[in-house]
Each structure stands twice: as structure tokens, then as C-alpha cells.
Amino acid sequence: MSHVVSGGVARCRLRAVVAAGVVVVALLAAAVPAAAGAGRGAGFVAAAAAAPVPVCGGRLVAGGVVRLGVDAVRVTVVNEGPGRCVLRGHPTVALAGQGAPGSARVLIVVREGPVRPVVLPVGGAAQTRVAFVPVLGEAGGYCASGGVPFVAPSMVVGVAGARLQVALDDGGNFAVCGSTVRATAFRPAP
């Protein structure tokens, strides 16, 4: 009788092992299409993890600066480089004053948003939004704080070790109150 019980226990254990195997196979079968359907973004992450990607640095050029209302601009940078590169973090910002280094103003950047690596293929673009306290009024504008406005024709954006001097696409000047701006981390351009 003990032999029959042992055989029954063995059959129960075998069924449990087979059932567990079926569950594992079903879970794997469900996971493979989900991973395959994750799209192009998953491929970029996998590709980035597969081989080291150099930092963009000197490969970047200015792709434009668009005014977003009276208190912000969107800065676009483009990878001109011989291959793909990675960009991460927030920019540094300075206003370039009328061609005289002594007239420039380095701005304090308050960082907004989480930092994620952005892998840029050749020709790929990334963007950041830089917001500031605007100058009020018209031609002889003023700062609500009572401070003196700072106006400059160009901005120097520090990104991945490079410094890019940029101007507004509409030909206007950068006009800010204070010495602080808020900038988002770089994200892929839409």
C-alpha cells in the first residue's frame, strides 16, 4: 500500500511541476509580444544599453530658439555628428551682452523635471524650456521687483560640455528681470 501512496504522491508532484512549467511558458509567451510591441523607444533603450554611446558635446549645433509667450523660450539643439550621441541634464544659461564679455550675465538655473538620457541619432534634436521673470511695459520696460532689466541680443546655452550662442528666431532680444531662470531637462524634440 505504501508503494501506491508513493506513486500517487509522485504523480501529484509531477502534475505540480508540469502545471508550474505551463504557467511559466504562458507568462513568457505573453511577455514576448508585449516587449516586441513596446515600439521604437524600447529599441533605443536596448541599443543604448548594448553599446556605449558617446556624450554629444561638440557634436551639437543650435537648432533654434522660439519665444513661448513673454516669459519663456524653447531652445532646440541638433546632433550634427558622425554618429549617435547621448545628452542628459539641464542647460547652463548666460545672456551675452552687446559683444563685450564684461556686459554678459551668467544666470542661475533652477532645474525642473527629472533627468533622463536622450540618445540622439545624427540629425536628431532635443529641447529644453527656459523660463524667466519678464520685463514689464514697453520700450523702457521695468521689473516689478524694482530691479533694472537686463537686455541682450543672444543667449549662451551650455549643454554637454559645449557652449552654443543662440538668438531668438524672431530677431528680438532676451529681456529678463533678476538673475535666475528655470530650465527643464533636455527631452527629445517632437
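Count the bonded cysteines along the chain and the disulfides pair up as 1-2, 3-4. A disulfide here is a pair of cysteine sulfur atoms within 2.5 Å, and the structure holds two of them. Keep in mind that this is a predicted model, in which local features need pLDDT of at least 70 and side-chain atom pairs count only at pLDDT 80 or more, while totals for chains, interfaces and linings use all residues. Residues are numbered from 1 along each chain as its sequence is written, and side-chain values use heavy atoms, with hydrogens and water left out.

| Pair | S to S | Torsion about S-S | Hand |
|---|---|---|---|
| Cys56 and Cys85 | 2.1 Å | about 90 degrees | right-handed |
| Cys143 and Cys177 | 2.1 Å | -95 degrees | left-handed |

Start with Cys56 and Cys85, which are joined by a disulfide. Cys56 sits in the loop between helix 2 (40-50) and strand 1 (60-67) and Cys85 in strand 3 (residues 85-87), so this pair ties together parts 29 residues apart in sequence. Cys56 is buried, at 1% relative accessible area, and Cys85 is buried too, at 0%. Buried means under 20% relative accessible area, exposed over 50%, and partly exposed in between, using a 1.4 Å probe and protein chains only.

**The chain and its strands**

Going by DSSP runs numbered from the N terminus (helices are H or I, at least four residues; strands are E, at least two), the chain has two helices and twelve strands. From the N terminus, the order is α-α-β-β-β-β-β-β-β-β-β-β-β-β. Of the 190 residues in the chain, 29% are buried. Contact means heavy atoms within 4.5 Å; among contacts between residues at least 6 apart in sequence, 73% join residues at least 24 apart.

Two strands pair if DSSP finds at least two bridges between them. Strand 4 (residues 92-96) and strand 5 (residues 105-112) run antiparallel and are joined by three bridges; Ala94 has Val106 as its bridge partner in strand 5. Strand 5 and strand 11 run parallel, with five bridges between them, and Ile108 has Thr180 as its bridge partner in strand 11.

Gly113 is in the loop between strand 5 and strand 6 (118-120). Setting aside neighbours within four places in sequence, Gly113 is in contact with His90 and Ala185. The C-alpha atoms of Gly113 and Ala185 are 6.0 Å apart, though 72 residues separate them along the chain.

**The second largest pocket**

On a 1 Å grid over the protein atoms alone, a pocket is an open set of points where a 1.4 Å probe fits, with protein on both sides within 12 Å along at least five of seven lines, and lining residues have an atom within 4 Å of a point. A volume is the space filled by probe spheres set on the points. The second largest pocket has a volume of about 160 Å³. Strand 7 (125-134) and strand 11 (174-184) are the elements that give two or more residues to its lining. Lining residues include Arg67, Phe132, Pro134, Phe174 and Ala175. The lining splits into eight nonpolar, one polar and one charged residue, where Ala, Val, Leu, Ile, Met, Phe, Trp, Tyr, Cys and Pro count as nonpolar, Asp, Glu, Lys and Arg as charged, and the others, Gly among them, as polar.
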